[in-house]
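Here are some notes for a colleague who is opening this structure for the first time. Please read them with the structure in view.

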Amino acid sequence: MSNPFVRILEPLDPKQPLKKFFNLSKLEDVRYARLPFSIRILLEAAIRNCDEFLVKKGDVENILNWKVMQHKNVEVPFKPARVILQDFTGVPAVVDFAAMRDAVKKLGGDPEKINPICPADLVIDHSIQVDFNRQSDSLQKNQDLEFERNKERFEFLKWGSRAFKNLRIIPPGSGIIHQVNLEYLARVVMDQDGYYYPDSVVGTDSHTTMIDGLGVLGWGVGGIEAEAVMLGQPISMVLPEVVGYKLVGSPQPLVTSTDIVLTITKHLRQVGVVGKFVEFFGPGVAQLSIADRATIANMCPEYGATAAYFPVDDISIGYLIQTGRDKEKVMCTKKYLEAVGMLRDFKNSSQDPDFTQVVELDLHTVVPCCSGPKRPQDKVAVSDMKKDFETCLGAKQGFKGFQIAPDRHNSIVKFNFEGRDFELAHGSVVIAAITSCTNTSNPSVMLGAGLLAKKAVEAGLTVKPYIKTSLSPGSGVVTYYLRESGVMPYLSQLGFDVVGYGCMTCIGNSGPLPESVVEAITQGDLVAVGVLSGNRNFEGRVHPNTRANYLASPPLVIAYAIAGTIRIDFEKEPLGINASGKKIFLKDIWPTRNEIQAVERQFVIPGMFKEVYQKIETVNKSWNALDAPSDKLYTWNPKSTYIKSPPFFDGLTLALQTPKTIEDAYVLLSFGDSVTTDHISPAGNIARNSPAARYLTSRGLTPREFNSYGSRRGNDAVMARGTFANIRLVNKFIDKQGPQTIHFPSGEILDVFDAAERYKQAGHPLIVLAGKEYGAGSSRDWAAKGPFLLGVKAVLAESYERIHRSNLVGMGVIPLQYLPGEDAGTLGLTGRERYTIIIPEKLKPQMNVQIKLDTGKTFHAIMRFDTDVELTYFHNGGILNYMIRKMAS
């Protein structure tokens with residue numbers, strides 16, 4: 001049998017005989033042309049890195065037959081070319097690496113084997129907060145405070161960059177990880193050791209998928225999984241289904257890429273794409289810039305897919321040149337892609353691959369919209385926003401409801417701010433943030449916001465001074481073109497000064513609201529609003545005092561800031577009245593697509609990108625001045641409240657422990673649908689009455705020094721106490737929102753951590769019950785590490801988001817799934833029972849296991865270890881234990 005997979009073909013250029021390239025198949029094999037482009041890259045990476053892959057599976061011929069292979073559960077060992085990390089997930093990863101070196105040494109191995117073997121870039125972008133805004137020096141003040149709070153974390157990361165090979169740190173103040181990846185780090189085609197092959201990446205942030213917009217296959221993984229990849233372990237995954245998303249038509253003149261992505265997000269949530277790839281095709285793709293495509297790919301986690309891929313075309317090649325990449329390398333990239341049949345022409349339907357399923361969107365049908373008030377997939381047309389919010393006010397508590405009594409819908413609270421009297425009501429905007437990798441990477445919406453600000457100021461409009469406005473660009477390039485195009489002064493006049501280069505409001509680093517505003521919200525029990533150009537608006541994420549949060553394009557963020565309320569119909573009501581008494585409507589100041597494109601062509605130029613990125617690693621003087629040790633083993637400081645050696649490897653031996661049946665487990669918490677990783681392990685504010693706050697206070701810290709949960713992910717004592725600490729947590733055992741549960745042996749209502757501690761001291765194992773989409777949202781590994789430390793042995797849910805399920809596997813926590821058609825309701829489960837989960841001696845992927853209750857009832861559930869590799873991790877007690885044993889032996 002001939003092998004159609006040819007690892008090395010003829011030289012790319014006869015004049016450069018060393019420049020050979022990897023290729024998946026002989027190009028004349030017609031089956032290759034029918035494979036989705038994303039699958040070609042996935043399989044190429046598996047073949048290039050894992051010689052045994054094809055031989056072991058025995059599917060050399062069939063694997064090109066896409067329709068056949070979708071149903072064979074082929075296990076693909078995917079080794080990406082690169083790994084990217086941000087500091088919230090990067091710090092615990094480096095902490096784990098340091099602890100793993102200690103563990104390998106204790107087991108008699110070489111600790112320096114714990115070292116990244118592929119390029120790993122860590123961008124510090126999650127630490128800066130909006131403490132200062134509406135001041136010309138806000139940026140410098142926020143950056144100074146960032147270093148004051150996080151000096152110890154930054155010194156630790158600098159140690160990591162010296163102790164580990166292949167680990168590069170991009171200092172704070174450089175930009176957001178995904179925009180830096182898009183504009184600077186991404187190669188599209190790798191050129192290594194004389195060979196070309198497609199660029200691919202995994203990252204410890206769920207929005208790593210943004211790079212798919214440039215044609216680099218990438219997605220987010222848990223920090224635990226990323227650590228294994230960095231140590232040379234492939235990601236074992238079942239060959240995914242690929243949904244083809246066909247784009248046709250052209251967007252209407254007033255529509256932004258944000259409107260398109262919010263429309264797609266709602267659509268694909270309805271289609272159901274969890275665990276699948278989405279690949280975009282059709283003539284409509286050619287209407288989108290790379291920034292537009294990156295915006296759509298960025299929100300892939302919000303619609304639940306693994307990847308959201310746009311194959312490389314001539315527009316992609318043009319973007320590489322526009323962003324200052326070396327022209328000669330770009331031309332080699334293009335030549336390679338042409339040679340292996342991977343350069344896409346979206347107008348040529350003969351190139352369209354075979355997909356599992358095809359869905360379609362006519363771009364002309366997209367209208368301006370927002371999403372909210374609590375989930376990214378809940379799209380609302382701008383024309384319906386006022387009516388929709390007012391409906392939400394009275395609706396039952398839930399994703400689209402606040403359960404406010406009808407006689408309180410028009411409540412008004414008066415307050416004083418800086419000597420002036422104002423009023424707040426339900427729907428009042430108190431946060432307006434142009435933020436996040438989703439939109440600040442896109443010149444069209446950023447310049448659109450700038451042009452709208454210019455017209456608004458010229459029309460005499462202002463933003464009320466108590467509204468917390470901010471602009472946090474994804475890279476220095478954004479500031480450069482906003483300044484050069486002349487719109488920055490107008491943004492500043494409306495309060496949208498640059499406050500920092502990082503994720504900021506989008507991840508809950510919103511900083512404090514004015515005290516008088518908080519008092520008014522609390523006094524009136526008001527549903528105050530945050531409007532942000534981000535990708536996440538889960539409950540309790542943006543700010544504790546904004547119960548409603550809407551995702552919107554940057555121009556709409558400014559529009560709602562000017563209006564001061566979400567309860568406005570822009571078509572019928574004016575944004576404001578200027579000093580001359582003239583009513584100004586949104587349509588009067590909204591810039592046209594042609595206006596925006598003209599400014600973009602003139603001011604977004606290659607020189608800007610080259611100038612910003614050639615000094616990115618050295619421009620931050622505070623970072624340069626940091627002193628850090630260069631020892632290969634880290635010296636842990638027992639007094640540190642930021643960096644602590646985790647207990648994950650305590651007592652680890654070379655010998656494996658046989659997994660045991662979980663006997664008589666109590667249910668720690670019982671949840672409904674769409675519990676997010678923000679609910680499980682919040683990243684933002686540490687509440688003053690929380691177990692984490694009590695711990696920090698006992699270590700001598702004041703509330704001002706608490707910082708955030710995200711910044712303390714290097715300390716397991718804080719993070720265990722912060723698990724299930726979200727103030728908006730809805731636990732079915734409790735009749736109100738909050739991070740508490742019932743300790744069943746005593747009947748007491750306790751903070752979740754305190755209840756778990758009591759169970760642990762008594763030797764009782766724990767489980768969690770949940771509904772659909774458990775673990776939606778960010779890829780934070782602490783959403784799995786935290787429950788593990790609380791003593792949670794298993795989760796029983798109706799369905800899981802992909803990354804969180806992988807993280808549970810990585811920590812040795814069993815992800816159990818109800819059988820189809822069953823759930824807690826159909827089985828009559830209250831959560832007050834005790835559960836015995838029978839673990840057989842011989843395990844196989846996705847097998848059914850028996851669960852016995854102390855009531856005498858018995859039922860079955862699916863054990864969601866999806867591959868043989870995941871079962872190996874489980875037998876080792878998790879991925880990291882497996883890697884330590886592997887390195888030690």
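1. Helix α32 is followed by G877, and the phi of this glycine is positive, near 85°. The model is a predicted one, and the points below should be read as such.

2. Helix α32 itself spans residues 868–875, and its buried residues are E870, L871, Y873 and F874. These residues lie on the same side of α32, because the arc they cover around the axis is only 155°. Their cover includes α30 (802–810), β30 (814–818) and α33 (879–888).

3. An open sheet is made of five strands with parallel pairing, in the order β5-β4-β3-β8-β9. At its edges are β5 (167–170) and β9 (217–220), each of which pairs on one side only. From one strand to the next, the twist averages 20°. Strand β8, residues 200–203, pairs with β9 over four bridges in the parallel sense. In that pairing, S200 stands opposite L217 of β9.

4. Helix α5 (residues 87–106) touches β3 (82–86), β4 (120–123) and β5, and its direction is at about 110° to that of β3. Helix α7 (residues 177–185) touches β3, β4, β5 and β8, with its direction at about 140° to that of β3.

5. Which residues have the most contacts inside the largest nonpolar core? They are F280, Y560, L668, F724 and Y774, in a core of 288 residues. Helix α5 supplies the largest share of this core, 11 residues. Apart from this core lies another one, of 11 residues, among them I686, A692, L696 and L701.

6. F724 can be followed through its contacts. With neighbours within four places in sequence left aside, the residues it contacts include L668, L669, F671, H679, I680 and L729. Others among them are P739, V752, V768, Y774, P787 and L790.

7. The structure has 30 aromatic pairs. One of interest is F280 with F310: the ring centres are 4.3 Å apart and the planes are at 5°, so the pair is stacked. F280 belongs to strand β12 (residues 277–281), while F310 is in the loop between β13 (307–309) and α12 (314–322), so the pair ties together parts 30 residues apart in sequence. F280 counts as buried because its relative accessibility is 0%. F310 counts as buried at 0% relative accessibility.

8. An aromatic cluster can also be located: F97, F156, W159, F164, Y634 and W636 form it.

Definitions and conventions
Residues numbered from 1 in each chain as written. Predicted model: local features only at pLDDT ≥ 70, side-chain atom pairs only at ≥ 80, totals over all residues. Heavy atoms only, no water. Pairing = 2+ DSSP bridges. Helix = DSSP H or I, 4+ residues; strand = E, 2+ residues; numbered from the N terminus. Axes fitted to C-alpha atoms, helices over the stretch in contact; angles between N-to-C directions. Contact = heavy atoms within 4.5 Å. Core = buried A, V, L, I, M, F, W, Y, C linked by side-chain atoms within 4.5 Å. Buried < 20%, exposed > 50% of the residue type's maximum accessible area, 1.4 Å probe, protein only. Arc of directions from axis to C-beta. Phe/Tyr/Trp six-rings, centres within 6.5 Å; stacked < 30°, edge-to-face > 60°.
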